[in-house]
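Please open the structure in your viewer and keep the selection tool at hand.

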Amino acid sequence: MDLRKLISHIISMFLGALFLSSCTLYQDFPLEVLRAGESRIPSETGKIGWLYRNFRYTGDTLQHYYRDGEVLRKEKPEVNLDSLLATTCMQSAARDLRQNSVEAESLFFPADMMPPVSGEKLTPLPAALVQKLARPAGADRLMVLETFSWFYSRFRGETRLQDGGEVTLAGIWACYDGTTGAITETRSMVDTVYWSGGEDSKGQSMQLPPRVPALEMAATTFGERYAQRFYASWITVDRLLVIPPTEEFRQAADHALQQEWEPAMAIWKRYSADRFGRLAITARYNLALAAETGDRIGEALQWIRQAEALARSYKNKKEISLTSDYRQILETRQKEIARLESWGKQ
């Protein structure tokens, strides 16, 4: 072994021992990413019809009850909650689509137009019925809230400030082609909306919403969350910044947390060569993160694949898992970006 290789080997062993001698830190790093919608409303859609099917499964028997502490109480039928909440939910979904640049006009069929039906199995609406509803209304697409259930609970604390409440909701949506009457997709959703007592920023006690307003607010949220599947939106996700116990990596992390990426990347690139061993895995991982923050997903994938390959050569399960998980996240982002770009060309 020549002198240069010997020195390089000693440095690598020294850094590896230092790397293992104390704890590596994992710092949460928030990042805003553009999330592609799960589905798409075709751009040629001029009008969307919204319909409540009014179907309930046979076992769904709690719609007329709510929980007050440990007591199950029967609701007072002051309003037709079924129609009220279904209408609130569909109007909320339509409004959210409009606010997020889905330009199709919405029309609403009466919430009580379909007679209540219960059964063990939910089957699609007949194509002929969909056409009969959609064509006279000029609806290119029919959004159907097939079934919708909710349950309100209120929990008593030792004081009013400790009271809490929640609404659990479940529903199935279906999308039908107004021209052919064919069902194009279904979506099952389960959600829970919470409230808690306490004080606001001015020190005033916050009142929990009464049951019916709470149900309306929850139905509004449920509709909005359904609509979100049809458009791209910015969301905040957490990534990990890896900080091994070396001074230069701590300096690089400080730069990164201040959004000073150039000096941070200069340090990581210095340690990204194979001869730095497991420190190189971390350096490449962090370089992938830096590239993702700049929306350079192709570059980020190059770095994380190199990090994963080196981690596998060391057979370290934790580092393999860390790099593999991040690679899959980046590959998913790359597919979402490609889908968004294809939508823009249509």
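This is a predicted model: local features need pLDDT of at least 70, side-chain atom pairs count only at pLDDT 80 or more; totals for chains, interfaces and linings use all residues.

Residues are numbered from 1 along each chain as its sequence is written, and side-chain values use heavy atoms, with hydrogens and water left out.

Select Trp 50 in strand β2 (residues 47–52) and Trp 173 in strand β9 (residues 164–177); strands are DSSP runs of E, at least two residues, and helices runs of H or I, at least four, numbered from the N terminus. Rings of Phe, Tyr and Trp (its six-membered ring) pair if their centres lie within 6.5 Å; planes under 30 degrees apart count as stacked, over 60 as edge-to-face and the rest as tilted. The centres of Trp 50 and Trp 173 are 6.2 Å apart and their planes stand at 90°, so this pair is edge-to-face. Both Trp 50 and Trp 173 are buried (under 20% relative accessible area; exposed is over 50%, partly exposed in between, with a 1.4 Å probe and protein chains only).

**Two helices.** Next, select α5 (residues 247–257) and α6 (residues 261–270), whose axes come within 7 Å and cross at roughly 150°. Axes are lines fitted to C-alpha atoms, for helices over the stretch in contact, with angles from 0 to 180 degrees between N-to-C directions.

**A lysine.** Finally, select Lys 335 in helix α9 (residues 317–345). Lys 335 is exposed, at 62% relative accessibility. Its C-alpha atom is 9.2 Å from that of Ala 36, although 299 residues separate Lys 335 and Ala 36 along the chain.
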